[in-house]
Amino acid sequence: MPLAVPLADITYAEPWWMQIIKSIVIFAIVLQLVPLVLLAERKVMGRFQNRYGPNRVGPFGLLQAIADIGKLVFKEQFRPRTSIGWLFVLAPILSIVTAIAAIALIPFGDTVDIFGTKTGLYGLDVSIGPLYLFAVGAVAFYGIMLGGWSSGSKYSFLGSMRAAAQLISYEVSQGMAIVGVIMTAQSLSLVQIVHAQGHIWYVIPQFLGFVIFLVASFAETNRPPFDLVEGESEIVGGYVTEYGGARFASYYMAEYTNIIVVSGIAVTLFLGGWHIPGVDVPGFLQPVVVLVKMLIFVNLFFWVRTTLPRLRYDQLMSFGWKVLLPLATLNALATAIVLVAID
């Protein structure tokens, strides 16, 4: 009788003490990027809009993000009388926990020797990498949905319903966009997908999939021009209308953490991870290469926010189902045909 195959096999695991150390280091670095990304966005938007941006708190305004976080954290906690208390508190926690959980799969480098111990420069290398990410994303959806519903406000509930339709619609296209990458690499391990791009980045043969993944990622992170779930000109603030203080800061942090996570996944799947064509990147520089690529991708989020206007809701849904999904399906079908033909 054949042995049962585990659902998620860990391709390499270090000793428990090394896993703890590298988890602390990875999460500390990535979470420190959140206030830096927030500050960078305000600086970049200032330049795009012909103004200075934050320049008062700290040298060159570098402490502005810390001041904003402190202001929110020390505000008094409140909630509407019509809200459902425990769900109102749980919703932002779900959003931030799922955003942080996704960081574990981003590979910042290959396996290297640290203190005589082989150590992978990533949190986990599971054999179901993309499935893990979409499972975490499905739980993150409840953070937004419950936040709007438990607030007891019509504007909040309308924002959460918009989020439900938008996230489900664009998650389908996002998933189909990476099918071509998975078929080409013949692996669901994100580390193995990076290894498969040693000679050519998948952004070249999978350019259509990259564009679809990029557009769907803007919608999945609720960023302009797809930020209809919190359209202030229509529904006040959407699902966060009734939130303030540290709970609002949690949603805010989750949004920017998701931007960093999506950037890391795009770098992993399409931009070769730590690989540079024609260059043998040493182990200690591999995380630097990945972080630089991620920050370039993050800057694209800022650029689009300052450039494109918000879509109408019917345009948003039509674009997802009538344009992106057929193109993503066509890309997966074409990739399958090409791979069979050259095999």
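**Salt bridges and helix packing**

Visitor: How many salt bridges does the structure hold?
Guide: The structure holds six salt bridges, each a side-chain nitrogen of Lys or Arg within 4 Å of a carboxyl oxygen of Asp or Glu. This is a predicted model in which local features need pLDDT of at least 70, side-chain atom pairs count only at pLDDT 80 or more, and totals for chains, interfaces and linings use all residues. Residues are numbered from 1 along each chain as its sequence is written, and side-chain values use heavy atoms, leaving out hydrogens and water.

Visitor: Which residue pairs with glutamate 255?
Guide: Arginine 223 does, with the closest N and O atoms 3.1 Å apart. Glutamate 255 lies in helix α10 and arginine 223 in the loop between α8 and α9 (232-235), so the pair ties together parts that are 32 residues apart in sequence. Helices here are DSSP runs (H or I, at least four residues), numbered from the N terminus.

Visitor: Is arginine 223 buried or exposed?
Guide: Arginine 223 is buried, at 2% relative accessible area; buried means under 20%, exposed over 50%, partly exposed in between (1.4 Å probe, protein chains only).

Visitor: Changing topic, how do the axes of α8 and α10 cross?
Guide: The axes of α8 (residues 207-220) and α10 (residues 245-270) come within 11 Å and cross at roughly 175°. Axes are lines fitted to C-alpha atoms, for helices over the stretch in contact, with angles from 0 to 180 degrees between N-to-C directions. The two helices are therefore roughly antiparallel, a term for angles over 145 degrees.

Terms used:
Angles under 35 degrees count as roughly parallel, over 145 as roughly antiparallel, 65 to 115 as roughly perpendicular and the rest as oblique.
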